[in-house]
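Here is a short briefing to read alongside the structure. Have a look at the fold first, and then walk through the notes by topic.

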Amino acid sequence: MDRGAEDQPPAGAPAEITLVLPDGQTVRVRLHERRETRGPHPWRYRIGVPAWVATRAGVEAAEYGVWVTADQLQPIEGIDLSRVPTHRLPPELPPPCPSGWLVLPDPERRGGTVVHEAGCRQAGGGGVELGVMEALDALMRPGARACHDCDAAAALKPALELGTGYV
């Protein structure tokens, strides 16, 4: 067995680091975790600052936990920080797909309308987002049609056909 591996702290273990106080003094603290964030400081560090607490039995050593930025810390030469838990942000997710439908005037037929999926490029913005039942009602009106550039025709027309023949 590799003797050097036994000397390593376990994964997820805190490591010592130096906290630089506003007046320039330094304090040796424990780095418990690093967390990637959005904003002006891309990383936050949760540290434990040594403290003393008065109890009935006397005074006991304690640790005060606080989050700081990278500007407030200095690594200590020879201390391995690679085992400190590191939490990265998840990758940016694409914006959610619209879940509604839009009814807009038909540019090809005067007085007609076109039902689009809310995210359809042909819709060109505007209109009021509708639910499925309202979109089906709009398609049943004279002069209405479903857009074939998005899923409106594929999704809504079969639902209209299910209702034919019923009173």
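**Briefing on the predicted model**

Glu16 is partly exposed, because its relative accessibility is 35%. That makes a handy way in, since this is a predicted model and Glu16 belongs to one of its 8 salt bridges. The chain has 167 residues, of which 27% are buried. The notes below go from the overall layout to the salt bridges, and then to the strands, a helix and a loop.

**Overall layout**

- The chain contains 3 helices and 10 strands.
- Read from the N terminus, the order of elements is α-β-β-β-β-β-β-β-β-β-α-β-α.
- Among contacts with a separation of 6 or more, 49% are between residues 24 or more positions apart.

- Glu16 and Arg28 form a salt bridge through their side chains, at 3.4 Å from N to O.
- This pair links distant parts of the chain: Glu16 sits in strand 1 (residues 15-20) and Arg28 in strand 2 (residues 26-36), 12 residues apart.
- Arg28 has a relative accessibility of 48%, so Arg28 counts as partly exposed.

**Salt bridge between Glu33 and Arg35**

- Glu33 and Arg35 make a salt bridge whose closest N and O atoms are 2.8 Å apart.
- Is Glu33 buried or exposed? Glu33 is buried, because its relative accessible area is 11% and the cut-off for buried is under 20%.

- Asp106 meets Arg145 in a salt bridge, with 2.9 Å between the closest N and O atoms.
- Asp106 is in the loop between strand 7 (101-105) and strand 8 (113-117), while Arg145 is in strand 10 (residues 144-146), so this pair ties together parts that are 39 residues apart in sequence.
- Asp106 is buried, with a relative accessible area of 6%, whereas Arg145 is partly exposed, at 25%.
- Which residues do the shared partners join into one network? Salt bridges that share partners connect Asp106, Glu108, Arg109 and Arg145.

- Four strands make up an open sheet in the order 9-7-8-10, and their pairing is mixed.
- Strand 9 (129-130) and strand 10 are the edge strands, each pairing on one side only.
- Strand 8 pairs with strand 10 in the parallel sense, over 3 bridges.
- Arg145, the salt-bridge partner of Asp106, also has a place in this pairing: Val114 stands opposite Arg145 in strand 10.
- Helix 2 (residues 132-139) lies across strand 7, strand 8, strand 9 and strand 10, and runs at about 125 degrees to strand 10.
- Where are the buried residues of helix 2? They are Ala135, Leu136, Ala138 and Leu139.
- These residues are on the same side of helix 2, because they cover an arc of only 160 degrees around the axis.
- As background, an α-helix has 3.6 residues a turn, so residues three or four places apart point the same way.

**The hairpin of strands 3 and 4**

- Strand 3 (residues 43-55) and strand 4 (residues 58-69) pair in the antiparallel sense, over 12 bridges.
- Together, strand 3 and strand 4 form a hairpin with 2 residues between them.
- Thr69 is in strand 4, and Arg44 stands opposite Thr69.
- Thr69 is buried, because its relative accessible area is 8%.
- What does Thr69 contact, leaving aside its neighbours within four places in sequence? Thr69 is in contact with His41, Trp43, Arg44 and Tyr45.

**A loop residue to look at**

- Leu21 is in the loop between strand 1 and strand 2.
- At 29% relative accessibility, Leu21 is partly exposed.
- Leu21 and Leu73 are 52 residues apart along the chain, and 9.1 Å separates their C-alpha atoms.

Terms used. Residues are numbered from 1 along each chain as its sequence is written. This is a predicted model: local features need pLDDT of at least 70, side-chain atom pairs count only at pLDDT 80 or more; totals for chains, interfaces and linings use all residues. Side-chain values use heavy atoms; hydrogens and water are left out. A salt bridge is a side-chain nitrogen of Lys or Arg within 4 Å of a carboxyl oxygen of Asp or Glu. Buried means under 20% relative accessible area, exposed over 50%, partly exposed in between (1.4 Å probe, protein chains only). Two strands pair if DSSP finds at least two bridges between them. Contact means heavy atoms within 4.5 Å. Axes are lines fitted to C-alpha atoms, for helices over the stretch in contact, and angles run from 0 to 180 degrees between N-to-C directions. The arc is that of the directions from the helix axis to the C-beta atoms.
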